[in-house]
Amino acid sequence: MKDRNLDLQSGRRQFLKAAGLGSLALGAASSGLVVSRPAQALSTRARIVIVGAGAAGIAAANRFSRELNGAEIIIIDKRERHLYQPGLTLVATGLWKPGKVIDRNDRYMPSNVRWIHDMVSEFDPEANQVTTGSGERIDYDFLLVSTGLTVDFDAVEGMSPELIGQHGIGCVYDNPEHASRTWTMIDQFLTTGGVGLFTRGPGGIKCAGAPLKVTMLTEDLARRRGQRDAVSMVYNSPSEGLFSQPDMDQFLKQEFPSRDIAINWNHRLVGIEPELKRATFATPNGEQRIDYDFIHVVPPMRAPDPLGNSALAWQDGPFADDGNWMEVDRATLQHARFPNVFGAGDCVGTPIGKTAASVKAQVPVAVENMLAIIQGREPVSQYDGYTSCPLITGQGRGILVEFDYALNMVPSFPFINPYREHWVPWVMKDRMLLPAYNAMLRGRI
Amino acid sequence: MAFSLFGILAVILEAIRPFLWLIAAVVVIELLVLFRLLGRRGHAWRKALRPALLLGGVVMVVAVFIGPWLTSAGFADLVGLLDWLSLIGGSIAAGLVAALLFWPLLTLVGGRRA
Ligand SMILES: Cc1cc2nc3c(=O)[nH]c(=O)nc-3n(C[C@H](O)[C@H](O)[C@H](O)COP(=O)(O)OP(=O)(O)OC[C@H]3O[C@@H](n4cnc5c(N)ncnc54)[C@H](O)[C@@H]3O)c2cc1C
C-alpha cells in the first residue's frame, strides 16, 4: 500500500512537543475540572442584543443567560430550524440521511432570552440600534453579531441554488435538501462515469476542508464501486494552494495526484452553462471553458448584506475586499471602532476560522470580554485563531487537523497524531462531533 | 483546545440524549432486579459471576468484529496503534458494561432455578 502519511520531520517534532504540552494541559484542565462557570452571575440591567441564532448566536445566548442576572437578552433571527452544517458533507456523499442534520432552534433557546423571529435589515452602531425587516427599531447597550455568511451564488454567472441537483450540478454549502440532491448527482456520476470538476471559491469560505472532503469521498466511492477508471476527476483551486495549513497543504499536494485527482491551479469558477454542462474558469491565461458530467460548485462567500454594507464591516483592507467581513480585533473579538459591539462565527474578518470549531473557541472569548466591558474592565480574554477540520480522506478514515493563527498544529487530543490518517478521526466526525456541537450550543463546552 | 471533564461529560450527555429513555428503562429494570435480590446470599452472586463474565466476553469479541462496521468503516481503515487500542478499549468497555448488566439478571435466574 502506498504511504499516504505525512513524513514531516518538523511536523513530527511539533507534534511530540504538542503531545507533551497537551497532556499537561489535559491534566491541568481535568484537575481543576467540573466547575467551568463563575459561582455567581453578574447582576446588570444591560440590554444585550444577539443578531443571528446559528451556532455562535445560540451558544452565546446560553452563556449570557447563565452568567447574567437581570439583563435583558434578545436574539434576532427568522430561521426556526437549526442546521448542523458540518454534517452536510456526509449528506452530500450519501453517508448520512438529511434528517440527521436538521434540528430546531427552540430546543436550545434559553427561556430567559427573548427571541425576535425576524431578520436585521440595518445596523446603526452610532445610534446603538438595529432595525428588523418589519421596521422595528431595537436599541441595545451591547451587541453581539453572529449572522454567519452568505454563499454568493450570483458571483458564478448562470448559477443559482435551484440548479443544485440538476444538470450534474452539486453544492454542499446550501441546505440539507440540496446536499441530498448533490448526492443524487454524485451517485449518477459514479454510475455513468465521465468528467467530474471540483471547485472552491476564492478567499474566506466556511469550512475550507469541505470541498476537499467532497472530492476525496467521491474518489473513494468511485473506487469502492469499481468505477474509478470510468471517472476522471479534476480539482480546480483558485490559488496555488489547497489548504491554508502548510503541512496539510503539502500532504494534499501529494495525496491528490497519488489518487489520480488532477489539479488545475489558479482556476476560479466564474460561470456555468447548465444545459451544455460547461463551466468557465478565470485563469492567469484568460477564461477557460471545461465540459463536465458532474460539477461541485463552491461559490465565493461574504458577509450578509445588512452587515457587510454597514459601518460594522471593515471599511478597507483585505477583509473588506474579500467579503465585507465584520471588523473585530482578531484576539478579543471586540469591534475596533464600536467597543460595545463584538462579533463571533463566520461573519468576522479574521485570517482563519470559519468553522464550528472556531465558534466553540470564539464564543467564550466574546462573552467573557463583553462581561468585562459591562463591568467596566478591559477585555483580556483572547482567541488564538483555533480552527479545526476532520479532514476525511475516505469513508472510514481522516486526519484531525487543528491549528491556530500562526498555522501551528494545536492538537486537543495529544494521542491523536495530526499528521496521519486514522480511523479515530472518522469515528469522531461520524459519531462525536454532532454531540460536541450540541453541547457547544448549550454553552457547556 | 483542551476539554475539561465537565466538557467531556456534557458531550457524552449529548451523545446519549436520544437514548436516555432506553438507558432509564435499563436502569429501572436493573434496580428492580437488585431490589428483588436484596438479602440474597453471596453464593448466588458468585455462581452468576462466571456466566456474566462469559457473556461480557462474548459481547467484547462481537464488538471487536462489528466495531468498524458500526461506523461505516472496515478493518482496513484501522491503520495504527491508536485505532486498534481504541477499538479494543471500546470493546472491553462494552464487554464490562454487558457483564455488569447481566450479573444481577443471572443471579436472579440462577436463584430461581436453585
Ligand atoms: C458543508 C459544510 C461543512 C462544514 N464542515 C465543518 C466541519 O467539519 N467542522 C467545523 O468545525 N465546521 C464546519 N462547517 C462550518 C460551520 O458549520 C460554521 O462555521 C458554523 O455554523 C458558523 O456558525 P455561525 O453561527 O457563524 O453561522 P450560522 O450557523 O450559519 O448561523 C448564522 C445565523 O444567522 C442568521 N442571520 C443571517 N443574517 C441575519 C440577519 N440579517 N438578521 C438576523 N439573523 C441573521 C441566519 O439565519 C443563521 O441562523 C461546515 C459548514 C458547511 C456549510
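Start with the charged side chains: chain A carries 45 positive and 49 negative ones, and the centres of these two sets are 8 Å apart. Keep in mind as you look around that this is a predicted model.

Now for the fold itself. Chain A contains ten helices and 24 strands. Its radius of gyration is 22 Å, close to the 22 Å that the globule rule gives for 445 residues, so chain A is as compact as a globular protein of that length.

Here are some values for the whole chain:

| Property of chain A | Value |
|---|---|
| Span of the C-alpha trace along its principal axes | about 65 × 50 × 40 Å |
| Share of the 445 residues that are buried | 60% |

Finally, let's zoom in on one residue. Where does Asp152(A) lie? You can find Asp152(A) in the loop between strand E12 (150-151) and strand E13 (169-170) of chain A. Is Asp152(A) buried or exposed? Asp152(A) counts as buried because its relative accessibility is 15%, and buried means under 20%. Setting aside neighbours within four places in sequence, Asp152(A) is in contact with Pro299(A), Pro300(A), Met301(A) and Arg302(A).

Definitions and conventions. Residues are numbered from 1 along each chain as its sequence is written. Chains are lettered from A and ligands numbered from 1 in the order in which they are written. This is a predicted model: local features need pLDDT of at least 70, side-chain atom pairs count only at pLDDT 80 or more; totals for chains, interfaces and linings use all residues. Side-chain values use heavy atoms; hydrogens and water are left out. Helices (H or I, at least four residues) and strands (E, at least two) are DSSP runs, numbered from the N terminus. The radius of gyration is taken over C-alpha atoms; the globule rule is 2.2 Å times the number of residues to the power 0.38. Buried means under 20% relative accessible area, exposed over 50%, partly exposed in between (1.4 Å probe, protein chains only). Lys and Arg count as positive and Asp and Glu as negative; His and the chain ends are not counted. The place of a charge is taken as NZ of Lys, CZ of Arg, CG of Asp or CD of Glu. Contact means heavy atoms within 4.5 Å.
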